[in-house]
Amino acid sequence: MTVELQVEQGWLTVCELSALIPGRGVAALLPDGSQAAVFVDRAGRAYAIGNRDPFTGAQVLSRGLVGATAGRPFVASPLLKQRFDLETGRCLDDEEVAVLTYPVRTAATS
C-alpha cells in the first residue's frame, strides 16, 4: 500500500504505508517546492499537513510530537510547541492560525 497526497497536479505517491511509523512524521517535497508533513496513526490512518511552522517559518512539523486531545489527533511543533489538528490544520493554541491540510489516500501498489 502506498500513501498518496492530492496536490494541484493530481495524486502524488509519497511513500509506502509500511515506511511510516505511528507517532513519527516524514517530510515530503511537493512538485511546487513546498513540503508536507505526513503521519500515520496506530489504526493505520494517514494524515498530511503543511510542514512549515507558521510561528517560526521553519519546515519542522514533520518532526513534531504526535498526540490526541478530546479524540482529535494533533502534532505539536518541536520548536514552540503549538499544536495543530491533523484533520483540519487548525492551531489548537491560537484559533486564528492554521496550516494547510492535504487529502490523503492509501492505494494498493501494482
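I started with the hairpin of strand 3 and strand 4 in this predicted model. Five residues sit between the two strands, and G33 in that hairpin takes a positive phi near 95 degrees.

Next I checked how the two strands pair. Strand 3 covers residues 26-29 and strand 4 covers residues 35-40; they run antiparallel, joined by four bridges.

Then I went inside. Which residues have the most contacts within the largest nonpolar core? I noted V3, L5, L20, L30, V38 and Y102, in a core of 13 residues. Strand 1 (2-7), strand 4 and strand 5 are the elements that each give two or more residues to this core. Another core lies apart from that one, with 11 residues, and I wrote down A37, I49, V75 and F84 as being among them.

I picked L30 and skipped its neighbours within four places in sequence. What is left in contact with L30 is L5, V7, L12, Q35, A36 and Y102. L5 and Y102 also turn up with L30 on my list of residues with the most contacts in the largest core.

Last, the surface. I found a nonpolar patch made of F55, L79 and L80, and together they have about 260 Å² of accessible area. Where is F55 placed? I traced F55 to the loop between strand 5 (46-50) and strand 6 (65-69). I put F55 down as partly exposed because its relative accessible area is 30%.

How values were computed: Residues are numbered from 1 along each chain as its sequence is written. This is a predicted model: local features need pLDDT of at least 70, side-chain atom pairs count only at pLDDT 80 or more; totals for chains, interfaces and linings use all residues. Side-chain values use heavy atoms; hydrogens and water are left out. Two strands pair if DSSP finds at least two bridges between them. Patches are made of residues with over 30% relative accessible area and no salt bridge: like charges are joined within 9 Å, nonpolar side chains (Val, Leu, Ile, Met, Phe, Trp, Tyr) within 5 Å. Accessible areas come from the Shrake-Rupley method with a 1.4 Å probe; for residues, only the protein chains shown count as cover. A salt bridge is a side-chain nitrogen of Lys or Arg within 4 Å of a carboxyl oxygen of Asp or Glu. Buried means under 20% relative accessible area, exposed over 50%, partly exposed in between (1.4 Å probe, protein chains only). A nonpolar core is a set of buried Ala, Val, Leu, Ile, Met, Phe, Trp, Tyr and Cys residues joined through side-chain atoms within 4.5 Å. Contact means heavy atoms within 4.5 Å.
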